[in-house]
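I opened the model to go through its helices, its surface and a few single residues. My notes follow in the order of looking.

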Amino acid sequence: MSALFAALVIGTVAGTLIGTIGAGAGALLVPSLMFFAGQSMQGAVGVTLAMQTIPVGIGGAYLYYKKGLIDLWVVAAVAIGMLAGILGGGALATSGEISPVKLELILGVVLVVLGGVTIAKTLLGYTTVHPKRNS
């Protein structure tokens, strides 16, 4: 399978999962681009950041917005924080201060911890189901 075809398949599967459960960049795209499309960790992060800009995200966000599920103040706050974090994290990741192996290890640890917390909260009944949509 060519790297471009793999990227297309990854994008389709990730897009479906992102639209359904919100999991995306770190959880799906970065590891998938690394292992199935031959991207380096930094390259996969760069591709993920480039494709998440307005052309891709706006359509899905609109679907959720028109159902009243998006608080624009929260969007603004998250966007400001993400911009600062992306600029700082991107500078660190591309500076050579952290080896690609360590970057992959950090990603794996974050995914395991977040996955474990999500599973534990759900099994213990601490879900965050939207009150209007809890059926």
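What percentage of the 135 residues of the protein count as buried? I get 13%, where buried means under 20% relative accessible area, exposed over 50% and partly exposed in between, with a 1.4 Å probe and protein chains only.

Before going on, I note that this is a predicted model, in which local features need pLDDT of at least 70, side-chain atom pairs count only at pLDDT 80 or more, and totals for chains, interfaces and linings use all residues. Residues are numbered from 1 along each chain as its sequence is written, and side-chain values use heavy atoms, with hydrogens and water left out.

Entry: fold. I find six helices and zero strands, in the order α-α-α-α-α-α along the sequence. Helices (H or I, at least four residues) and strands (E, at least two) are DSSP runs, numbered from the N terminus. I looked up contacts (heavy atoms within 4.5 Å): of those with a separation of 6 or more, 45% are between residues 24 or more positions apart.

Entry: surface. The protein exposes about 9,800 Å², of which carbon and sulfur atoms supply 73%; areas come from the Shrake-Rupley method with a 1.4 Å probe, and for residues only the protein chains shown count as cover. I located a nonpolar surface patch formed by Val45, Leu49, Val74, Val78, Met82 and Ile86, with about 450 Å² of accessible area together. The elements giving two or more residues to this patch are α3 (41-51) and α5 (72-94). Helix α5 has the largest share, four residues.

Entry: single residues. Val74 lies in α5 and is partly exposed, at a relative accessible area of 47%. Thr48, in α3, is buried at 2%. The Thr48 side chain reaches the backbone oxygen of Ala44 at 2.8 Å. I placed Ser32 in α2 (residues 25-36); Ser32 counts as buried because its relative accessible area is 19%. Apart from neighbours within four places in sequence, Ser32 is in contact with Ile10 and Ala37.

Entry: α6. I checked the length of helix α6 (residues 100-123): its 24 residues should span 34 Å at 1.5 Å a residue, and the end C-alpha atoms are 35 Å apart, which agrees. The expected span is 1.5 Å times one less than the number of residues. Just after α6, Gly125 takes a positive phi of about 85°.

How values were computed:
Patches are made of residues with over 30% relative accessible area and no salt bridge: like charges are joined within 9 Å, nonpolar side chains (Val, Leu, Ile, Met, Phe, Trp, Tyr) within 5 Å. A salt bridge is a side-chain nitrogen of Lys or Arg within 4 Å of a carboxyl oxygen of Asp or Glu. A polar contact is a pair of N or O atoms within 3.5 Å; within protein, one must be able to donate a hydrogen and the other to accept it, and residues adjacent in sequence count only if both atoms are side-chain atoms.
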